[in-house]
Amino acid sequence: MNSELSSQQVKDIGEQGLLERLQRFCPPEIIGDDAAVLETASGQPLVVTTDVLVDGVHFSNLTTSPEDAGWRAAAANLSDLAAMGASPLGITVGLGLPGELRVSWVERLYQGMTECLQKYNTPIVGGDVVRSPVTTLAITAFGQVNPSQIIRRSAAVAGDAIVVTGIHGASHAGLELLLHPELGQDLKDAERMALILAHQRPQPRLDVLPILWEILTPNSRLLIAGMDSSDGLADAIIQICRASGVGAVLERRQISMPAPFEDWLTPEQTLAYALYGGEDFELVLCLPQESALALVQHLGQGAAIVGSITSGSTVLLHDEQKKFPDQVLSLSQGFQHFAQ
C-alpha cells in the first residue's frame, strides 16, 4: 500500500471520501440508496437501514430532552424506510453508554422512541448495550416493500419534476431558536413552538406513500426517484442527480418557509436553512410533471414542485426574477462529518 495513502486520516478524505472507500466492500447492486433492499423467498423484499447518533453531534442536552432524542432517532430510521417506499416492520437498538449515565435518562430515551414508533405500529424487537465513553445510539430498522414500488435514487430522468413533501428549513430554524432564545421575538408562542417541534419531533413521511401510489395511474411511469432530506434539500437533490446521471434546475422562489416563520429571517438565511439546514426528514421525489402536480395537490400546504431534472450533470439554483445569478450547488456547502 502506498505509504501516503496508509497515513491518511479520516478527516483528510471526509465523509463522502470515506463512504466511497467503504462501498468497495459491499455489493454494488445493493448499496447507494437510503436503505438496502434484500430479496426474500416471499417476493416482498426486506428493506434494512441503520443510523448512528452520537451525543454532542446529533443531539445535545442543550436542545434535546431524552424523549426528544429517542423520537428523533426513531424518526430518522423510519424516514429512510419511507424514502425507499417501504412500510416498517420493527427496529433494533444498539446502545453505547457511559456507566455514570442515569438509568432514568435511558428509560426516557426509550419512551421517546416508543411514542414515535407507536404511530406507525412499529415495535422495538431487540438490540445490544455496551459501555462507551460517549452516549451513542445505533438503530437498525426493517421494512418491506412491494417490488414495483421501490423508490431509488437512480431512477430520475430528464423532464421529471422535483417534489418536496413539506417545508424545508423549519428544523434548523427551530434549532436556532433553542440555541438562541433571544431570536424571533416577533413570533407568537404557537409559531415559535411549531418551529421547535419541527426540530425536536420531526414526522417521518410514511403518510406520503399511499397517496403517491394512489395518484400514479396505470399509465404512469412506475419508477420513481427519491430520498429523504435528512442532510438537507441540496444534498438530497445532488445525491439523486449523481446516482441517476442527470442534472437539475431549482427555482429560488419555490424554496422558502411560509410567513410568519420567514419574517424573522433574512432571505439569505431562509434559503441557506432550506438548502443546507438538514433534519427536516421530508421526501424529495422526482416524477413526471402530471403526477407531481397531483401529488402536491393531495399533500397540500408545504408540498411544492421546486425544480426539474435536466439532461446535464450540474445542479443549478435559478432565479426567474433575475435578481440573482445562477448558483451551482455542491455537497461541500452543507454539513460534512470530519470537516472540522
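Which exposed residues does the face of H10 turned away from its buried side carry? Point 2 takes this up, after some notes on the model as a whole.

1. This is a predicted model, in which local features need pLDDT of at least 70 and side-chain atom pairs count only at pLDDT 80 or more, whereas totals for chains, interfaces and linings use all residues. Residues are numbered from 1 along each chain as its sequence is written, and side-chain values use heavy atoms, with hydrogens and water left out. The protein has ten helices and twelve strands, where helices (H or I, at least four residues) and strands (E, at least two) are DSSP runs numbered from the N terminus. Its radius of gyration is 20 Å, close to the 20 Å that the globule rule gives for 340 residues, so the protein is as compact as a globular protein of that length; the radius is taken over C-alpha atoms, and the rule is 2.2 Å times the number of residues to the power 0.38. The C-alpha trace spans about 55 × 55 × 50 Å along the principal axes. Of the 340 residues, 48% count as buried, with buried meaning under 20% relative accessible area, exposed over 50%, and partly exposed in between (1.4 Å probe, protein chains only). Among contacts (heavy atoms within 4.5 Å) with a separation of 6 or more, 83% come from residues 24 or more positions apart.

2. In helix H10 (residues 289-299), the buried residues are Ser291, Ala292, Leu295, Val296 and Leu299. Seen down the axis of H10, these fall within an arc of 135°, so they line one face of the helix; the arc is that of the directions from the helix axis to the C-beta atoms. The face turned away from the buried side carries the exposed residues Glu290 and Gln297, which settles the opening question. The buried residues of H10 pack against strand E6 (161-164), helix H7 (208-215), strand E9 (283-287) and strand E10 (304-310). Just after H10, glycine 300 takes a positive phi of about 80°.

3. Strand E10 also holds glycine 307, which counts as buried at 10% relative accessibility. Leaving aside neighbours within four places in sequence, glycine 307 is in contact with Asp160, Ala161, Ile162, Val249, Leu250 and Glu251.

4. Helix H9 (residues 267-276) has as its buried residues Thr270, Leu271, Tyr273, Ala274, Leu275 and Tyr276. What covers them includes H5, helix H8 (233-244), strand E8 (247-251) and strand E11 (315-318). Glycine 278, which follows H9, has a positive phi near 75°.

5. Asparagine 77, found in helix H3 (residues 66-83), counts as buried at 0% relative accessibility. Apart from its neighbours within four places in sequence, asparagine 77 is in contact with Thr49, Thr50, Asp51, Ile139, Thr140 and Ala141.

6. The second largest pocket has a volume of about 390 Å³ and is lined by 18 residues, of which Ile167, Ala170, Ala198, Gln203 and Glu282 lie nearest its centre. The elements giving two or more residues to this lining are helix H5 (170-179) and helix H6 (189-200), and H6 provides the largest share, four residues. A pocket here is an open set of points on a 1 Å grid over the protein atoms alone, where a 1.4 Å probe fits, with protein on both sides within 12 Å along at least five of seven lines, and lining residues have an atom within 4 Å of a point. Grid points are joined across faces, edges and corners, and the volume is the space filled by probe spheres set on the points.
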